[in-house]
Structures are given as C-alpha cells and as structure tokens.
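Hi there,

Here is the structure I promised to pass on.

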Amino acid sequence: MLDVKRLVLLRDLAEYGTVTAVADIHRVTPSAVSQQLRALEAEAGASLLHREGRTVRLTAAGSALAAQSELVVAALERAQSAVRALDGEVGGELVIGCFPSGLEMLAAPLAEVLVRRHPRLRPRIVEAEPEEALPLLKQRDLDLALTYHYPHLGGAPPDGVTSHPLFGDPLVLAVPESLREVDGLAALRDQRWITTPPPSACRDVLVHACQSAGFTPAVEHSYRDLRAALALVAAGLGVTILPMMLCRTPPPGVVLRPLPGKSRAVAAAVRTGAQTQLTITAAVAALREIARG
C-alpha cells in the first residue's frame with residue numbers, strides 16, 4: 001500500500017520542481033523529503049526520480065504516479081466530507097484565506113454571517129494573496145481561499161483545487177485631476193506609474209495593459225497597499241491601474257477612468273473533493289449572497 005503523505009510529497013515535487021521547495025512548503029528538511037521519496041519508490045517498486053547531482057526529475061512512472069496522487073487526495077477529501085455530513089450540523093474551525101482588498105468586503109461579512117447562522121462554527125481569517133493562499137489550501141493550512149485572477153492574462157486553478165466564481169471586479173485607471181481630460185493609456189506613456197513590487201499579479205496586469213497600448217510604464221513608486229497609493233495619485237505624483245474594489249472611496253483629486261474589457265475574476269477556492277463538506281457549502285452559499293449584494 002502506498003503511503004498517502006509520501007504521495008503528496010511526490011505531487012508537490014511535480015508541481016514545484018525542487019526538493020527544497022517541497023521541503024519549505026512542508027516545513028521539513030530537504031533530506032527528510034528525499035528520504036520519504038526513496039521510501040515511496042520502494043513501496044511502488046519503480047524508479048520515480050532521475051537524480052543528477054542536486055537536481056531531480058520525475059521519471060515517466062513518477063509523473064504517472066504524481067498525476068494519480070491528486071485523485072487519491074480528492075477521494076480522501078470526499079470520504080471525510082461523507083463522515084462529517086453524518087453529524088448534520090455545521091461546526092468546528094473554518095480557516096479562510098483572503099486577499100487584502102477582499103478583507104473588508106468579503107471576509108469580514110462572511111465571518112459575521114457564518115457565526116450568526118452557525119453558532120458552532122468558528123471562522124478564522126488569514127490574509128494571503130492568491131499565490132500564497134492556493135499552496136496553503138492544498139497543504140490543508142486553509143480550508144477555503146478567497147482569490148482572484150485576471151482572465152485576459154490566462155491562468156487556471158492548479159490541480160487539486162475547485163474554484164467557485166463569485167463576481168468580476170472591473171479595472172480602472174486612476175489619474176490626478178490635472179489629467180482628467182487625457183484620453184486613453186497611450187497618452188500617459190510619459191507619466192510616472194505606481195504599482196506593487198514584483199512578483200505581483202497587479203504589477204503584471206498594469207505592465208501588460210501599458211505594453212498593449214504601445215509602451216512600457218516607468219514605475220516610480222512601489223506600494224503593497226495600493227489603496228494608500230491613491231494618495232500619491234491625488235498629489236499628482238503618479239498614475240495607476242486598480243481593481244474597483246480598491247477605489248470605492250477615492251480621495252479628493254483622484255479621477256477614475258474605466259478600462260473596457262479588463263477585470264479580475266473573484267472566486268472561492270476549495271480542495272477538490274472537499275466542496276461537499278457542510279462548512280464549505282455553507283461558506284460558499286454565504287459568499288454568493290454577499291457577492292449579489
């Protein structure tokens with residue numbers, strides 16, 4: 001019988017590429033990961049890895065087993081859901097990861113609704129951008145992740161994750177009052193730009209939009225809190241592109257212009273197989289009500 005925890009290590013090696021990355025995710029040493037993978041090879045009776053110095057690559061057998069491991073994990077999630085459903089009551093701890101701009105509008109209302117409707121449920125909120133939240137979700141450090149992605153940049157949920165779409169959040173161009181009459185991104189090629197430090201999906205979408213308009217933006221200011229960056233825009237020190245969720249109450253002196261066809265898709269992500277758990281179905285139902293509102 002193959003050990004499930006070792007299968008998860010192999011799955012993660014297929015996804016993240018290095019033993020060191022897998023060790024970091026699981027908070028163990030690389031040598032411990034290597035030892036467990038060797039034990040998995042003995043259990044499988046096949047060579048799963050090509051070892052070349054410090055570099056490892058999956059063999060054909062390793063790739064096949066890594067692909068099947070996702071199905072095993074999903075089956076175990078469904079089995080756990082079936083057992084929990086026998087209780088018939090929504091309870092326990094629900095750890096919710098949420099991107100910063102969704103904390104006020106999504107995570108906080110979600111926690112309030114869940115506590116009111118299900119007194120035995122204890123929601124716990126963790127701030128995390130999607131690139132942080134999805135690995136945490138797969139490693140069971142989160143039960144549900146509020147995420148976003150930019151459809152025009154491509155991308156899909158990773159294997160082992162099921163996404164429940166909630167709503168589209170339009171992107172807008174934020175400029176100072178002095179640029180109110182400027183028409184289109186191309187006319188802003190000589191402006192100073194504000195965005196998040198790399199690596200960042202928000203930065204990627206801004207650069208992509210500007211390059212589509214024929215120029216590469218000169219990023220002068222890097223802010224992790226882009227809502228606070230609107231103060232720089234109001235002072236005439238730069239321009240930026242933001243999701244509308246961040247711009248509901250812009251400071252005086254900021255003008256918002258729509259960017260047709262550009263938005264981010266906000267969703268609730270759960271581990272595949274866990275979507276039938278009572279706590280998850282209760283949370284997703286509440287999120288959809290909040291999104292409609």
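Predicted model: local features only at pLDDT ≥ 70, side-chain atom pairs only at ≥ 80, totals over all residues.

Residues are numbered from 1 along each chain as its sequence is written, and side-chain values use heavy atoms, with hydrogens and water left out.

One of the salt bridges joins Asp-169 to Arg-264, with the closest N and O atoms 2.9 Å apart. This pair links distant parts of the chain, as Asp-169 is in strand S6 (residues 161-176) and Arg-264 in strand S10, 95 residues apart. Helices (H or I, at least four residues) and strands (E, at least two) are DSSP runs, numbered from the N terminus. Asp-169 counts as buried at 2% relative accessibility, and Arg-264 counts as buried at 1%. Here buried means under 20% relative accessible area, exposed over 50%, and partly exposed in between (1.4 Å probe, protein chains only).

Arg-271 and Asp-143 also meet in a salt bridge, at 3.9 Å from N to O. Arg-271 lies in strand S10 (residues 254-271), and Asp-143 in the loop between helix H6 (130-138) and strand S5 (144-149), 128 residues apart. Arg-271 is buried, with a relative accessible area of 6%.

Glu-112 and Arg-116 form a salt bridge too, with the closest N and O atoms 3.0 Å apart. They are 4 residues apart in helix H5 (residues 103-117), so about one helical turn separates them. Glu-112 is partly exposed at 42%, and Arg-116 is exposed at 51%.

**Nonpolar cores**

The largest nonpolar core has 56 residues, and those with the most contacts inside it are Leu-144, Leu-146, Trp-193 and Ile-241. Helix H9 (residues 278-292) gives the largest share of this core, 7 residues. A second, separate core of 15 residues includes Leu-9, Leu-10, Leu-37 and Ala-66. Such a core is a set of buried Ala, Val, Leu, Ile, Met, Phe, Trp, Tyr and Cys residues joined through side-chain atoms within 4.5 Å.

**A buried serine**

Ser-200 sits in the loop between strand S7 (192-195) and helix H7 (201-212), and counts as buried at 13% relative accessibility.

Best wishes

Definitions and conventions
Salt bridge = Lys/Arg side-chain N within 4 Å of Asp/Glu carboxyl O.
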